[in-house]
Amino acid sequence: MTLAALPVQDLGAYLQAMTETITRVLRVDTTGVLIRDEAGDALVSLGAADEASPPGREPLLARLSLSEPSPLATVFRTGLPYLVVDVRDEPRLPSAFAAAGVRALLAVPLVVGGERRGVLYVASRRRGAFTSADQALLGVVAARVGLLLENAELARRRAELERERARQQVRQEFLGIVSHELKTPVAVIKAYTEVLQQRAERAGDAEGRRILARMEEQAGRMLGLIDDLLDLQRLQSGLLSLEESDADLVALATRVVEELQTTTQAHRLVLHAGGPVPARVDRRRIEQVLINLVENAIKYSPRGGDITITVNRAVGPDGQGSQAVLAVSDRGIGIAPHDLARVFERFYQAQGGRLHRGVRGLGVGLYIAREIVERHGGTMWVESAEGVGSTFYLTLPAAEG
Ligand code: ADP
C-alpha cells in the first residue's frame, strides 16, 4: 500500500484519498473513516469511498451520535472490533447501510497517538463477505492509518509553530527598527529645541520660548511612546532584565513626587509614609512604574485635586516575611466596572483613555508596569469607582530590617 505517499496538508483530503485506496486494495465496496468530533459526543465522517458511486458523494454515514446504541459506537467506546454477516440482522445499525444494499460490515477502532479517535469500517454488498482474517488485516491497516494521522497532525502542528515563530520574529524586528530609527532623531530634535529655548529666553522672545516649550514637551511625549514600544519589545522577547540594588522606596517615591509636582499646578501630590521601606529592586524600573501611575492619576483627574501616594510595610500574604505596599490614589474620572479587569491588558484603553485630550497614549503603560512589578515578585491591582476616583496598588517583597 502506498499510503505514506498521500498528501498530509489537508486532513480531509488525505483521509478521503486513504479510503479510496483501502477500497481498491482490500477489494471492498465501501470504506469509511469516522472521527470523534470536537465536542466528543459524535463520530463524523472524514472520508468515505464507495465503489458504486462517484467520489465526493454524500457518505453512507455522515454522523453517528455516540449516545446511540449502535455497534459502531460500541467499537469506539470499547476498542473492540465488530463483524456482522448481514446488516439486516442488526437493527441497531444505521438503516442507511441496508438501504444502500450493504450486507457484510467490518469495523475496527482507530487509535491516534495512543488515544482512541474514531472508527474505520469496510462494507460489502455480498453477505458474509468478511472473515476473521479480514478483521485482523483491517486492524493492521487501522494501525497504519492511525500512525499516518499522527504524523500528519504533528507535521501540521510543527508548521503552525513555525509560522507563529516567523510572525513573532517579523514583529520584533519591525518594532526594533521603528523604535531605534525614531528615537534618535526625536531625541536630537528635543535637544536642539532646548538650546533654542535658551536662546529665545536670552533674546527676550517670550512667544518663541512658549512655542519651543510646546515643541519640547511634544518631543518628550514622543520619546515616552517610543520607550514604551521598546519596553514592550523587550518584554515580549524576554530581554527585559532587572538590575537590582538596595533601595529605600520612600526616598524613591519622594523623588518621583517632587519631580512630577513640577508638571502640574492643578494637582497636589501628597506623600504618606512612615519610616524607610527598604527593598531590593531595579530602581529605574520601579521609578518608571510609579511615574506611570502618578502621571495617569494626573491625566485622568482633569478637574485637579489631591493625588495621594502611600508607601508602607505590611506582613506578607502568607503571614510571613514583609512586603512593601505602594498606593496611588486619585479623585479623577474613575474606571467603569467592565473596564477594571482589562486596563492592565496590552493596548487596552478604557473610555477615559480614549477620550483623553492631547497626544494619545498607547494603552501599554499599565501592562508594562504590572510586568515589571511581577518580575520583582510583586503584584499589582486597582480599585476604582466611576466619577469618584481610582487607587492603584502594588506590592513588592521588602528587605528585612
Ligand atoms: P494610556 O494611559 O497610555 O492609555 P495605560 O496602560 O497607562 O495607557 O492605561 C490604560 C487605560 O487605563 C487608560 O487608557 C485609562 O482608560 C485607564 N486608566 C489608567 N489609569 C487611570 C486612572 N488613574 N484613572 C482612570 N482611568 C485610568
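Let me start with a term: a polar contact is a pair of N or O atoms within 3.5 Å; within protein, one must be able to donate a hydrogen and the other to accept it, and residues adjacent in sequence count only if both atoms are side-chain atoms. A backbone N or O atom of Ala-350 is 3.1 Å from an oxygen atom of the ligand. For Gly-365, a backbone N or O atom lies 3.2 Å from an oxygen atom of the ligand. Asp-330 places a polar side-chain atom 2.9 Å from a nitrogen atom of the ligand.

This is a predicted model, in which local features need pLDDT of at least 70 and side-chain atom pairs count only at pLDDT 80 or more, while totals for chains, interfaces and linings use all residues. Residues are numbered from 1 along each chain as its sequence is written, and side-chain values use heavy atoms, with hydrogens and water left out.

Which residues come nearest to the ligand? Of the 22 residues around the ligand (one heavy atom within 4 Å), they are Asn-296, Tyr-300, Asp-330, Gln-349 and Leu-366. The shell divides into 10 nonpolar, 10 polar and two charged residues; here Ala, Val, Leu, Ile, Met, Phe, Trp, Tyr, Cys and Pro count as nonpolar, Asp, Glu, Lys and Arg as charged, and the others, Gly among them, as polar. Helix 7 (283-299) is among the elements that supply at least two residues each, and helix 7 gives the most, with four. Helices here are DSSP runs of H or I with at least four residues, strands are runs of E with at least two, and both are numbered from the N terminus.

I turn now to the aromatic rings. The structure holds three aromatic pairs, meaning rings of Phe, Tyr and Trp (its six-membered ring) with centres within 6.5 Å; planes under 30 degrees apart count as stacked, over 60 as edge-to-face and the rest as tilted. In one of them, Phe-97 and Tyr-121 have ring centres 5.6 Å apart and planes at 85°, so this pair is edge-to-face. Phe-97 belongs to helix 3 (residues 95-99) and Tyr-121 to strand 6 (residues 115-124), so the contact ties together parts 24 residues apart in sequence.

Is Phe-97 buried or exposed? With 1% relative accessibility, Phe-97 is buried; the cut-offs are under 20% relative accessible area for buried, over 50% for exposed, and partly exposed in between (1.4 Å probe, protein chains only). Tyr-121 is likewise buried, at 1%.
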